[in-house]
Amino acid sequence: MKRPIRVVMAKAGLDGHDRGVKVVARALRDAGMEVIYTGVHQTPEQVVETALQEDADAIGLSLLSGAHNYLFPRVAELMKERGMDDVLLFGGGIIPEDDIVALRAHGVERIFQPGASLDEITAYVREAVAKRRGQPA
Amino acid sequence: MPLNGARSAPAKPGPNARKNEWLARYHAAVAKHPERKQRFSTLSDLPIDPLYTADDLPGFDPEQDLGLPGEFPYTRGVYPSMYRGRLWTMRQFAGFGSAEDTNARFTYLLAHGVTGLSTAFDMPTLMGRDADDPLSRGEVGREGVAVSSLADMRILFDAIPLEAVTTSMTINGPASIVWAMYLAAAEERGIPFGMLGGTIQNDCLKEYIAQREWIVPVKPAMELVVDSFRYGAREVPKWNTVSISGYHIREAGSTAVQELAFTLLDGLEYVKWGVDAGLDVNDFAPHLSFFFDVHNDFFEEIAKFRAARRIWAREMERRYHPANEKALLMRTHAQTAGVSLTAQQPYNNVVRVALQALAAVLGGTNSLHTNSLDETYALPTEEAVTLALRTQQVIAHESGVSETVDPLAGSYYLEHLTNEMEKGFEKYRDEIDGMGGMVAAVERGYPQREIVEASFHFQQQVEEREKVIVGINKYVEATAGEKIPVLAIDPEVERKQIARIAETRATRDGGRWREAMDRLRAQAKARGELMPAFVECARAMATVGEQVQVLKEAYGEYHDPGYF
C-alpha cells in the first residue's frame, strides 16, 4: 500500500511572510498529504533535521525576504551532506526569474512564483514525489 | 452616550412597501436576464444587495452615527476642516542597503515633495539581531536599511532637519532600542526631545497575530510598550509611541472586518495595560496612532476607515470617559495593499494603487503611503517611488476630492457598509473580551486561526474565479510579462555593515558601554523603567543585538506555534 506523501513546509531565516506557505500547506493537507509546518525563523539546519526526523518525501521552502540565494543552496547542501538524495526540494516566494535558473542548478527542482495556483502546486508535488519513488502518480 | 442604540428602531412601513414592489420587478427582470454572478460580495465576502435605499439604514441618525467633522463620534473625520486645512501627510516608506543609501533616498524624497519620512529597517534589525549574527546571513540591507548602533543612525539622518520633519520608524520588538538611538542622534545635534515628532510602530500584538517580528513573549512585550508610553508622554511629548497596525493583519490574509476588529481590540488592550500600570489615559491615549491597509474594494475600504473612527471614539468613551477629547481621536496612517499587487502585467499595479489611494483619502486618512508598481519583485526603484508619490499628488491637487470634507457621507450603500463594519467589530469584541482580552486571545491563537481561515477561503475564491484578479485568473497573457527595472542590493552592503559593527565595538568607550549595559540588565531584571537605560545604551554605542540579548535573558524568547 502506498503511504501518504509527507511534506515539510518550511520558513528559513528571519522572514516572517507566512501567508503563502500556510495556504499551500493547507491545500496539500486537503489533497491527502501529511504536512508538517515548521513555523517561521528556522535555520537551514533545523529545516533539514525536521525533514529527516519526519521521514519526509519533500521539503517546500518559502522565502520572501530576498535571502533566497543564500538559504536555498544552504538547505540543498545540507540535504546532500545528510544523504537525502531521494527527498524533493521545491520552493516559492518572491524570487526573480534570473535567480531561479541559478537555484535550479543547486538542486532546487521547482520554484513557484506569485500567482501560481494551488492545483498546480499540488499536482506537481504528487507527480514529482511519485517519480522519485518510481511509482505512477 | 447610547452605543448603537439608534439602529434598533423599527423601520417605517411606508418606504419598505415601495422597495418590496421594486424588488418584485427586479426579480422578474433577473429571471429574464440573469445577472453576471450567482452571488455578489465584497472582497472580504460581505454580501452585496442589488440596491441600497433608506430602508437599509433603519434608525440611521446622522447626528448620533456620523456627527460633524471634528465632533463625536468622528465618523466624518477627526478634524473640522480636514484636507481643506492641511492635506494628508504624504509619507513614503523607504529603506534599503546601507544607512548612506537610505539617507540619499530620504533626501531625494524630501526634494520631491514628501512631507514625512518613514523608515524601513532590514530583517536583522527588525528581529533585534546585529549584521554579524549568524542568522542575519543573506538578509542585511535586503528588505530595509541595516541599523545596528548609533553609528548607523547618525548617517541615516545626516543633514535631515529632525526638528522640522516627522519621522516614522517601522519597528516593533526592538522599537524602544531604535527609538533611543534616534533620540541620541538628535541630542548630539543639539535638538531637544520636545521638538522631535514622529512615530514608532511598536505594536507587539500584531507581531504574534500576523507579522512575526517578535523578540520576547507576549506579556513582557506588552510591558515594553507601556514603558515607552510612560517615557514618551513625559519626555518626547510630540511623539506617537505606538502605531496600532491593521496593515500586517490584512496582508496576512484577514478580511476587512477582521483587520478593523483585531486592530481596534489591540488598541484597547494597550490602553488597558497603560491604565492598569497607573498611567493617565488623558496623557498617553492621545499619542496612540493607527495604521490600516487600503485594499481593492473601494467602498468597503472607505467604510472601514469611517467605522474605525466611530468605533474607537465610542469604545474609548464607554470604557474610560476621558476628559481629554484627543484620547477619543483615531488618527491613522494608511498604505495601499502590497498583497494586491501582481508580478504579472506589473503596470496594472499603478492603477490599483491609484484606486486604493483614492479610497484612503475618501475614508479620511491622516497620512498615506502609496506602493510602487515594482514591489512584487523587490524594493522599489527611485523612478517607481516617484510615480507612486505623484499618484498621491494628482489625487490631492487634480481630482477635487479633497476640497470638501467626507464627500460620500449619506450614501445609502456606504453608510450600510459602515454599519456592517461596526457590527462585525462588535461580534469579535464580545468574543475576545469574553476570552479576557487580546493578550489572552493571542496566547490561545484565536486571531491567528481566524486569519488562516480567511486567507484560505479567499485563495479558494480566486482559484474558482469567484474573485477576479486581472492578469492572474482573467485576462492572462501567455508571455512571461514585461521586464521592468528592479532594484538590486549590492552584496557588499553586508560585508561593510559587519565591518562597521566591528569598528564600533573596537572604538567605543568600554567602561561607559559596560556601565550602560549593566544598568539595562539591572532594570530589566527588576522590571524597572527601561527607556532611560536604552537611551544611555545608545549613547554608549551599544548595538541593537546586544541590548535585545539582555531582554531575551530577562524575559525569555517566543517561538512560532505555526498555526495553519
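Trainee: Which residue stands opposite A:F90 in β5(A)?
Mentor: In β5(A), A:F90 faces A:R110. Please bear in mind that this is a predicted model.

Trainee: How many bridges join β4(A) to strand β5 of chain A?
Mentor: There are three bridges between β4(A) and β5(A), residues 110–112, and the two strands run parallel. Together with helix α4 of chain A, residues 97–105, they make a right-handed β-α-β unit.

Trainee: And what about β4(A) itself, is it buried or exposed?
Mentor: Strand β4(A) covers residues 88–93, and five of its six residues are buried, so the strand is largely enclosed by the rest of the structure. For that count, a residue is buried if 20 or more other C-beta atoms lie within 10 Å of its own.

Trainee: How many bridges pair β3(A) with β4(A)?
Mentor: Six bridges, in the parallel sense, pair β4(A) with β3(A), which spans residues 58–63. Within this pairing, A:G91 in β4(A) is the bridge partner of A:L61. The chain passes from β3(A) to β4(A) through helix α3 of chain A, residues 68–81, in a right-handed β-α-β crossover.

Trainee: Turning to chain B, how many helices and strands does it have?
Mentor: Chain B has 22 helices and nine strands. Its radius of gyration is 24 Å, close to the 24 Å that the globule rule gives for 564 residues, so chain B is as compact as a globular protein of that length. The C-alpha trace of chain B spans about 85 × 60 × 45 Å along its principal axes.

Trainee: What share of its residues count as buried?
Mentor: In chain B, 51% of the 564 residues count as buried. As for contacts in chain B between residues at least 6 apart in sequence, 77% of them join residues at least 24 apart.

Trainee: What is the strand order in its open sheet?
Mentor: The order in chain B is β5-β4-β3-β2-β1-β9-β8-β7-β6, an open sheet of nine strands with parallel pairing. At the edges stand β5(B), residues 239–240, and β6(B), residues 242–245; each has a single partner strand, so one side of each is left without a neighbour in the sheet.

Trainee: Which helix packs on the sheet and touches β1 and β2 of chain B?
Mentor: That is helix α4 of chain B, residues 99–111, which touches β1(B), residues 89–94, and β2(B), residues 116–120. The direction of α4(B) makes about 160° with that of β1(B).

Trainee: How many bridges join β1(B) to β2(B)?
Mentor: Four bridges join these parallel strands, and B:T119 in β2(B) is the bridge partner of B:A94. The path from β1(B) to β2(B) goes through α4(B), and this β-α-β crossover is right-handed.

Trainee: How many bridges does β1(B) form with β9(B)?
Mentor: Two bridges join β1(B) to β9(B), residues 367–369, and the strands run parallel. In β9(B), B:L368 stands opposite B:M90.

Trainee: And which residue of β8(B) is opposite B:F292?
Mentor: B:A334 stands opposite B:F292. Five bridges join the parallel strands β7(B), residues 288–294, and β8(B), residues 332–336.

Trainee: Finally, how many residues does each chain bring to the contact?
Mentor: Chain A and chain B each bring 30 residues. On the side of chain B that touches chain A, α18(B) gives the most, with five residues. By class, that side of chain B has 13 nonpolar, nine polar and eight charged residues.

Technical notes: Residues numbered from 1 in each chain as written. Chains lettered and ligands numbered in written order. Predicted model: local features only at pLDDT ≥ 70, side-chain atom pairs only at ≥ 80, totals over all residues. Contact = placed C-beta atoms within 7 Å. Nonpolar A, V, L, I, M, F, W, Y, C, P; charged D, E, K, R; others polar. Pairing = 2+ DSSP bridges. Axes fitted to C-alpha atoms, helices over the stretch in contact; angles between N-to-C directions. Buried ≥ 20, exposed ≤ 12 C-beta atoms within 10 Å, placed from the backbone. Right-handed = clockwise from strand over helix to strand, strands pointing away. Rg over C-alpha atoms; globule rule 2.2 N^0.38 Å.
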